Amino acid sequence: MTEPSSITNPILKGRGVTKSYALGAKQIEVLKGIDLEIMPGEFVSIVGASGSGKSTLLHLLGGLDSPDSGLIEVQGRELTRMSGTRLSGFRNQSIGFVFQAYHLFPELNALENVALPARIARKSSRQAQACARQWLERVGLSHRLDHRPYELSGGEQQRVAIARALINQPVLLLADEPTGNLDSESGSGILELLLELRDACQLTLLMATHDQAMASHTDRIVRLNDGKIAGI
Amino acid sequence: MVCSLYDAQDLFNLGDQVHGLHVMLEDPEQAAPVKASLMAKLGPNYHVMTWLERNQTIFNALVVEKNMIRFLLFFIVLVAAFGITSSMITFVVQKTREIGMLKALGASSRQVVMVFISQSVVVGIFGVAIGLFLGLQAVAYRNEFLAFMNRTMDFSLFPADIYGFAQLPAVVDPRDLWIICGGSLIICVLAGVFPAINAGRLRPVEALRHD
C-alpha cells in the first residue's frame with residue numbers, strides 16, 4: 001500500500017545546487033552541489049560557520065536567487081523553470097521569509113506591515129487588515145497594531161515579521177538567523193513561537209542559524225561546511 | 001494738428017468724402033470676419049485693414065518674444081524633469097532594501113514599477129496643482145508686480161511707448177491651461193519611468209544585501 005503523495009513526497013527538494021559569485025576576476029564557489037530534501041511538517045535547521053553558504057542556500061531554496069546549476073522544487077514545482085512573474089506569485093502564496101534584520105517597512109505600522117503580502121496578492125485593504133489583525137493577535141501583538149517598527153523591541157519586530165511571512169498561509173517558512181539580532185530570552189520566545197506555529201499551521205520550517213542551542217530544538221540539523229553538506 | 005471733419009475735407013478738397021473710416025468693434029477678435037464681410041460689401045475699390053495688419057511689425061515682434069518664452073519654458077520644464085528623474089533615482093537607491101523585501105514578499109517587477117510610477121503621478125499632480133495656483137495668482141497680480149518691479153528697479157519693464165499698453169494685458173485660455181498642465185504631468189510621469197523600470201529590474205537577493 002502506498003502512502004498519500006503529500007506525505008511521501010518532499011515539500012522541498014534541491015539536487016546538485018551550485019552557486020558561485022564573482023569577486024573581481026576571482027570566482028568564489030559558495031555552494032558546491034547541494035542535495036537536500038525536506039518533508040512536509042519538518043523543522044530543519046541549517047548550521048554552519050559564517051560564510052559557509054547558509055543564507056545563499058536559503059535564498060536559492062526560496063527562489064530569491066537562481067542557482068548556477070541544479071534543480072530546486074517546492075511542492076513539486078521547479079522554481080528554476082518559472083518565469084519572474086510566476087515565481088513572484090509563487091513566493092507570495094507558498095513561501096514565507098523571515099530575516100535576521102526583520103526588514104520591516106519603517107513608514108508602515110505593524111498592522112500595515114503584516115497586511116502587505118495580502119495586499120500584494122490583491123486582497124482588499126479591509127480583508128488584508130482583518131487577516132493581519134488575526135495574525136498579530138496570534139503572535140501576541142494585538143496591543144501593538146498601530147506601532148511603527150521603531151516603537152517595537154527587536155523581539156516584537158521579529159514577531160511582526162513572522163506574522164507577515166505567514167499571512168498568506170504559505171506551506172514553507174524560511175528563516176535566516178531569525179534570532180541573530182536578539183538576546184537569548186527574546187530568541188527563545190521566537191523559537192517557541194515558530195515551534196507553536198509549526199504545529200498549529202502544519203508548517204514546514206527551514207532555519208539557517210549558527211546557534212547550536214537553537215538548532216538542537218529542530219527535528220533535523222543539516223551541517224554546511226565550505227559549500228557542501230557535511231552531515232545530516 | 002486737430003481740426004474738424006469739415007475743415008479737413010475742405011483742406012484736402014474732398015467734398016463730402018473722406019480718406020478712410022475707422023470701425024470700432026466690441027470684440028477685437030472679430031476683426032478678421034468683419035473685414036471679410038466689409039470687403040464683400042464694398043468691393044475691390046476699397047482697401048480694408050484690421051488692427052492686427054496695421055500693427056504687423058509690433059505683433060511680429062511679440063510673436064517672436066512669445067516663441068522665445070515658449071522655448072525658454074520648455075527647457076525649464078525639461079530641467080525640472082531631469083530634477084525629478086534624479087530625485088527618483090536617489091529614492092530608488094535609498095529604498096533598494098525595501099524593494100528587495102517587496103520582491104521577497106512576492107511583489108512582481110510590474111507591481112514594483114507601478115509603485116514608483118504612482119509616486120511620479122502623485123508628485124506630478126501636486127506639482128501641477130501648486131504651479132497652476134501660483135501661475136494664476138501671478139496673472140491676477142501681474143500689474144501690481146510690474147509696478148513693484150518698476151519702482152524697485154527704477155526701470156520700465158514694459159514700456160508703454162513700445163507696446164502701446166499702460167498695463168500688462170493677459171488672456172487665460174482654458175485650452176492653454178489644459179496643454180500646459182497635461183504636458184507637465186506627462187513629462188513628470190515620463191521622468192519617473194526610467195527609475196521605476198530600474199527598481200523593477202532589481203534582483204531581490206541583491207537588493208536585500210544592499211547597504
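1. Residues are numbered from 1 along each chain as its sequence is written, and chains are lettered from A in the order in which they are written. Because the model is predicted, local features need pLDDT of at least 70 and side-chain atom pairs count only at pLDDT 80 or more, whereas totals for chains, interfaces and linings use all residues.

2. V92(B) counts as buried because 22 other C-beta atoms lie within 10 Å, the cut-off for buried being 20 or more, with 12 or fewer for exposed and partly exposed in between, and with C-beta atoms placed from the backbone. Leaving aside residues up to four places away in sequence, V92(B) touches F116(B), P195(B), N198(B) and A199(B), where a contact requires C-beta atoms, placed from the backbone, within 7 Å. V92(B) and G200(B) are 108 residues apart in sequence, yet their C-alpha atoms are 9.9 Å apart in space.

3. P195(B) and A199(B) are among the buried residues of α9(B), which also include C188(B), A191(B), G192(B), A196(B) and G200(B); their cover includes α4, α5 and α6 of chain B. Helix α9(B) bends by about 30° at V193(B), with the proline P195(B) following within four residues; the bend is the angle between axes fitted to the seven residues ending at a residue and the seven starting there.

4. Chain B is divided into domain 1 (5-53) and domain 2 (56-209), with bounds from an automatic or database domain assignment. The C-alpha centres of these two domains of chain B lie 47 Å apart.

5. Between the chains, 13 residues of chain B are in contact with 15 residues of chain A. On the side of chain B that touches chain A, α5 (96-104), α6 (109-140) and α10 (204-209) each give two or more residues, and the largest share, 5 residues, comes from α5(B).

6. In chain A, V114(A) and L206(A) touch the most other members of the largest nonpolar core, which has 87 residues; such a core is a set of buried Ala, Val, Leu, Ile, Met, Phe, Trp, Tyr and Cys residues joined through C-beta atoms within 7 Å. Helix α4 (residues 110-120) of chain A gives the most to this core, with 7 residues.

Conventions. Two residues are in contact if their C-beta atoms, placed from the backbone, lie within 7 Å.
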